[in-house]
Amino acid sequence: MSSFGIGGTNAHLVLEHPDTTAPPPAAATPVTIPCLLLSGGSESALRADARRVADHLTARPETYERVLRHLQAGRPALSHRAGAVCADPEAAVAWLRTVADGTATQPVPGTDDSREHALVRAWTAGEDPIRPEGPAPAPWDFPPPAFDLTDHDFPRATAGPVTPPTGSASSGAPGRAPEDAWLHQTVWSRTRRAAPVTGPPSRRVVVVVTDKASAPGQWSGLAAHRARLVHVTTADAYARVGEDRYEVDPADPGALTRLLKAVTRDADDGVEWLHALPLGVDGAVGEASLDHARRACLDTPAALCQALAGLPRGLRPRVWWLSHRTQPVTGPVRRPETGLLAGAVEVPRQELDLEVRWLDLPSSEPADWAHLLPHLFVDAPGTVARPEPRVALREGYWWRPVPGPVPRPLPGTRAGLTEGTGTHLILGGTGGIGATIASWLLEHTDGRVALLARHPHLPPALTEHSARVTLVEADLAEQSCDEVLARLAPYIGRLDGVVHAVGTAAGALLARRDGDGPRRATEAKLRAALLTERLIAEHGPRYAAYCSSLSARFGGVGQFDYATANGLLDAFAHHGPDDTAATVRLGIGWDVWREAGMARDALGTDARHQAHLSVGLSNAEGVRVFADAVELQLPHLLVSTTPLEASRFFYEPAPRTAPTDEVTAPVEELADVVGRLLGVDAFDPADSLYDLGADSLTLLDLLSEVKRRYGIDLDLARLGHRVSLNEILAQLDPPTAAARTAADPVTVELWQPGDGRDVLCLIHPVGGDIQAYRPLVSALDPRTTVCLISDPALRDPGLPVWSVAERAARYRAALRARFPGADTRLRLAGWSFGALVAVSMAAEAEAADRPFDRLHLLDPPPPHPGSRTYAYDDHDLRTVFEHELRGSGAQSPLADAGQAYAERLAHCCRANLAAMAAHTPPRLTRTPSTLWLATRAVTDLPLAPDPGAAREWRALLPDGSAVHHLHASHYDIVTGPHIERIARTINDEDVTLPASTTPSSA
């Protein structure tokens, strides 16, 4: 057999018939080392991870070897670590419990000279000593990594009269409706009686995916009208176990792809796919049932959509999500957790052109209703224009939801729901919408308001009522309901009401959803729903209000997890755990708010989103709607400032049309260029190009193509750490291009607009490029504004060479001009040469009696001039800029554009190295400083740690400055777990800045 590689490599293999007398060799089985390795982004995340893994192994000890391999090779190695040698799952669970409660010690007891214990010691010291060969997937129901979350509170708009536009006829965006027409509710209507289908069997194949508790016999009523019924149960891998019987890991798109190919191969008339895993969610509503629902309603549907997207459209099945008692058809919702399916209704169609529908059933037993389902399959997919995607079966009838208008309450009516002197608890109360509702409650009731948040602070709008406001700190994403309730107990007294206003952005396209990131973003919102249930059960408040969104009804590109979380809140608003509960549940499906909330500063270049904001709710309008909701006391109120169905315009993807003029042509042309460079067929222009696989060198090729096609020079340094095609297109506008020609060559690039007064400025390293800071910026607190200064000589090599002191003066002046506000807290950080410049900037600020609030130095060169660090030849210079580009993820070969950029980097390197050699850093006395030093040498450069550097830098920094040593090289320090540790320290130090710190204008 021969294989002739395209790259020129030929491989030949000669096979000899085996000796039939010899026994076949035993199949090699991978050896699993019994080292249980854990890591997390924080101490709390590590302990939470230990608790989750222990719970999993307690329930499924047979997966222990697979869990070991996955933890050793299937997860990223983060900075907080623990490890142990555990011979069996029982020992593992016992040790994990000690990690979870904080009593574990390192190193673990045992035979300390054994290989296993040596590997564990290396792991906890920061190394990665175990990396088994081959894949290391987790069991399908293995819990995801734990994480930390931060609150997102966006800047408020300045007060003033605003007259919203009435819509744009040219854009197709709907205009505003009168305020009396904003309110709607959904009622369920019968469509026809449910009866078995008569006639010849259908030729369409039906695939049922269930958990192992659902036997094939339970679906026999469905089989009576099917030519073929395929039964699939969950397992850890794909396998065919019998005639039309399969097992599959439903969270693995690869395994699902194999199953899809098998069942569609001979299905000439198409396939109906019944995703029945949500029917298995049972037991009391709580953390266990919610976690089960997340696997059944989020992770596994997302994996199925990813697998379906890879099939030709003609082979794609029609998908049905099955749930039971999740819709309020004829009574209260009994299984609110599976309301998470809301995001899986519209988003798969909007993003991947998949046909999906949601069927809610009266029970979890297929034998009760399976014989009625063939009626739904009579019409082949595509033969009915936009059928209602939500269907329910109750009392022998098929039902569909029908929205209808709701009149506003009569003026002067008071239901008394918010009256009294008790406490109104607002979860997520320091966010924009939560704080606005809190302000209304304080103005219209005599009660107190308690605001619960991860990092609570008093919103400015509540200052005049501060005596009646209580701030409670709790992390809903990590702490259990019992822990949070214990925190709340001293403050709530008589609880009159609960408002669930927890909201975090959760945007990711289904095609690239990995589960971990979206889980982090929605964890607090989902757990807050469980906390609300506990509060209702234990305190019986008069009302519980759930702040949801129209996205639960209309979806939205990139909004899968956000829509699912809001669908859960809608279901809880209809939840009736028993028939005696006195608490009035109020669900509000909000339209977008234009002055508060997460949407205000999102998607700045998305025309549809901006059009939506322009007709969105003002804060004053929002509280009027909230007051109406309190008076109406309906379980679910839809709020739309435009006609309800017309508002779907804002959630649908823009139609792809052929370019008709020179304005739209760049979108199509550059989308094609990006597709070719990254090897992708389709993507959202708002997607991060880095997430699509780009690196710094790929972007240089793209910018070179922009220059060739449009004659516009775009600077790589101006592209943020989440650069998208939309961001590049925005810079092609003539006004934007003209604004780039400024008299001052120093520009301050804004990569992350925060929502407070904290600003962190990062100074470029010796090569002048700032892309190496991308991992750091991604790990910083999103509330912090982050700006960067690249070397102006990268754009204009003709600039004169500056000394470090002159450069520092220019950079400081540009930074002060960019952030002139008197209340801004300015901080500096720099890596390599950037640290030297930052020290000089700090010294200038001290001399001007306006010191910076903090200084972070990342592995600066030794302070004494003439060090061998500066003695680089041309080969070393090339290695430097390769390291700086690779540090930001660049893996592409240097094409022409990369070569030209490399020449500019080399020019900057030479100039900056010469400036370093002649520079002596000044002494600082008033700027709190943190110093990070690498302890490992760089193998391909004359760059090794200087043993005297820490002592010399301590002499130049203020007393009490922190010094950290990292087991990393100079270039590793800005990547991986090391930069996460640095970012965490920066975030923590920012939080602890004293409130009395004098604001810096530096």
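Reply: **From the surface to the cavity**

The protein chain has an accessible surface of about 41,100 Å². Carbon and sulfur atoms hold 53% of that surface. Accessible areas here use the Shrake-Rupley method with a 1.4 Å probe, and for residues only the protein chains shown count as cover. The model is predicted, so to speak of local features pLDDT must be at least 70, side-chain atom pairs count only at pLDDT 80 or more, and totals for chains, interfaces and linings use all residues. Residues are numbered from 1 along each chain as its sequence is written, and side-chain values use heavy atoms, with hydrogens and water left out.

Now go inside. Of the 1002 residues in the protein chain, 56% are buried. Buried means under 20% relative accessible area, exposed means over 50%, and partly exposed lies in between (1.4 Å probe, protein chains only). The chain has 26 helices and 28 strands. These are DSSP runs numbered from the N terminus: helices are H or I with at least four residues, strands are E with at least two.

Rolling a probe the size of a water molecule over the atoms shows where empty space is left. Searching the whole structure gives four cavities of 30 Å³ or more. A cavity is a set of points, on a 1 Å grid over the protein atoms alone, where a 1.4 Å probe fits but cannot get out. Points are joined across faces, edges and corners, and the volume is the space filled by probe spheres set on them.

The largest cavity holds about 100 Å³ of space. Its lining residues have an atom within 4 Å of a point. Among them are Asp-791, Ala-793, Leu-799, Pro-800, Val-801, Trp-802 and Arg-807. His-907, Cys-908, Ala-911 and Asn-912 also line this cavity. Helix α24 (residues 896–917) gives the most to the lining, with four residues.

Sort the lining by class. Seven residues are nonpolar, two polar and two charged. Ala, Val, Leu, Ile, Met, Phe, Trp, Tyr, Cys and Pro count as nonpolar; Asp, Glu, Lys and Arg count as charged; the others, Gly among them, count as polar.

Glu-523 is in helix α11 (residues 516–539). Glu-523 counts as buried because its relative accessibility is 5%.

Definitions and conventions
1 Å grid on protein atoms, 1.4 Å probe; cavity = no way out; pocket = protein on both sides within 12 Å on 5 of 7 lines; lining within 4 Å.
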